[in-house]
Amino acid sequence: MTLQEMIAEVIPCIPSSALRGYFDKHFPEWTVMQTATIVQENCGQEEIILLLSKLATVAEEEADRILLLSATDEIRQFGYVDEKTNRLYRSRFEGKAFPLYPFLEKCYLPVLFRIGDVISFRNYYSEVTFACIEALPWLDDETDFTGECYYCHDLSCMDPQAAYIDGSAHLHVSLCEADSAEESQLTERQRTNLAVLRKLIAHIPV
């Protein structure tokens with residue numbers, strides 16, 4: 001199996017159908033560690049163990065293979081990546097690793113939506129949630145490893161103007177999770193909130 005075949009196996013794990021559709025036409029050129037990052041962020045534990053084990057077989061660098069196998073063992077044992085794998089990762093950079101932990105690689109995912117767009121995603125309880133995008137990720141900032149996310153506002157908030165000011169309804173939605181949504185899917189309250197939020201984002205008096 002090649003890395004490209006592994007990437008093809010990982011793409012269906014991405015929750016966003018919009019992003020999967022994009023990759024159907026524009027195949028990503030991820031490294032082994034970027035592919036592992038996608039796996040870690042979007043798969044369940046058993047799937048992570050399986051895919052990281054398979055990634056280890058296609059990794060060309062011995063250090064990557066050792067790291068992936070260590071992570072696989074720790075996830076199988078503890079359910080998460082533990083200190084041994086973290087030490088292996090940092091030792092490759094003489095203690096100056098950035099980011100500080102493995103599987104947080106920047107994957108340079110495409111930004112498919114724009115400011116003011118409505119997106120949908122599934123929240124922690126697997127409920128479909130609608131949000132309005134206020135800001136896009138800074139993909140050109142090489143030092144920004146805070147996550148490839150849209151900065152959004154929940155359209156179900158009670159008071160959109162107050163929530164916009166105090167940030168109480170703001171969300172960070174991963175590019176891997178964000179999907180397109182039609183305004184016809186929104187409730188009357190959500191449509192009203194959307195109109196208010198779009199004005200606030202554009203600095204138009206409400």
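Biologist: In which segment does histidine 203 lie?

Modeller: Histidine 203 lies in the segment after α8 (188–201). Helices (H or I, at least four residues) and strands (E, at least two) are DSSP runs, numbered from the N terminus. The model is predicted: local features need pLDDT of at least 70, side-chain atom pairs count only at pLDDT 80 or more, and totals for chains, interfaces and linings use all residues. Residues are numbered from 1 along each chain as its sequence is written, and side-chain values use heavy atoms, with hydrogens and water left out.

Biologist: Is histidine 203 buried or exposed?

Modeller: Buried means under 20% relative accessible area, exposed over 50%, and partly exposed in between (1.4 Å probe, protein chains only). Histidine 203 has a relative accessible area of 69% and is therefore exposed. Its phi is positive, about 60°, although histidine 203 is not a glycine.

Biologist: Which phi does tyrosine 108 have, and where is its place?

Modeller: Tyrosine 108 has a positive phi of about 50° and is not a glycine. Its place is in the loop between α6 (83–91) and β1. With a relative accessible area of 38%, tyrosine 108 is partly exposed.

Biologist: How should I read a nonpolar core?

Modeller: In soluble globular proteins, nonpolar side chains tend to be buried together. A nonpolar core is a set of buried Ala, Val, Leu, Ile, Met, Phe, Trp, Tyr and Cys residues joined through side-chain atoms within 4.5 Å. The largest such core here has 43 residues, of which Trp30, Leu52, Leu55, Leu68, Leu109 and Ile119 touch the most other members. Elements that give two or more residues to this core include α1 (3–10), α3 (32–42), α4 (45–58), α5 (62–78) and β1 (118–122). The largest share, 7 residues, comes from α4.

Biologist: Which residues are in contact with isoleucine 119, leaving aside its neighbours within four places in sequence?

Modeller: Contact means heavy atoms within 4.5 Å. On that basis, the partners of isoleucine 119 include Phe113, Phe130, Ile133, Tyr150, Cys152, Val173 and Ala181. A second, separate core of 12 residues includes Ala181, together with Leu155, Leu194 and Ile201.

Biologist: How are two packed helices described?

Modeller: Two packed helices are described by the angle between their axes and the distance between the axes. Axes are lines fitted to C-alpha atoms, for helices over the stretch in contact, and angles run from 0 to 180 degrees between N-to-C directions. Angles under 35 degrees count as roughly parallel, over 145 as roughly antiparallel, 65 to 115 as roughly perpendicular and the rest as oblique.

Biologist: At what angle do α1 and α4 pack?

Modeller: The angle between α1 and α4 is about 165°, and their axes are 9 Å apart. That makes α1 roughly antiparallel to α4. In this pair, Leu3, Met6, Glu9 and Val10 in α1 meet Leu51, Lys54, Leu55 and Val58 in α4. For classes, Ala, Val, Leu, Ile, Met, Phe, Trp, Tyr, Cys and Pro count as nonpolar, Asp, Glu, Lys and Arg as charged, and the others, Gly among them, as polar. The contact of α1 with α4 has 6 nonpolar, no polar and 2 charged residues.

Biologist: Which residues of α3 and α5 meet?

Modeller: Val32, Met33, Ala36 and Gln40 in α3 meet Asp64, Leu67, Leu68 and Ile75 in α5. By class, this contact of α3 with α5 has 6 nonpolar, 1 polar and 1 charged residues. The two helices pack at an angle of about 15°, with axes 11 Å apart, and α3 and α5 are therefore roughly parallel to each other.
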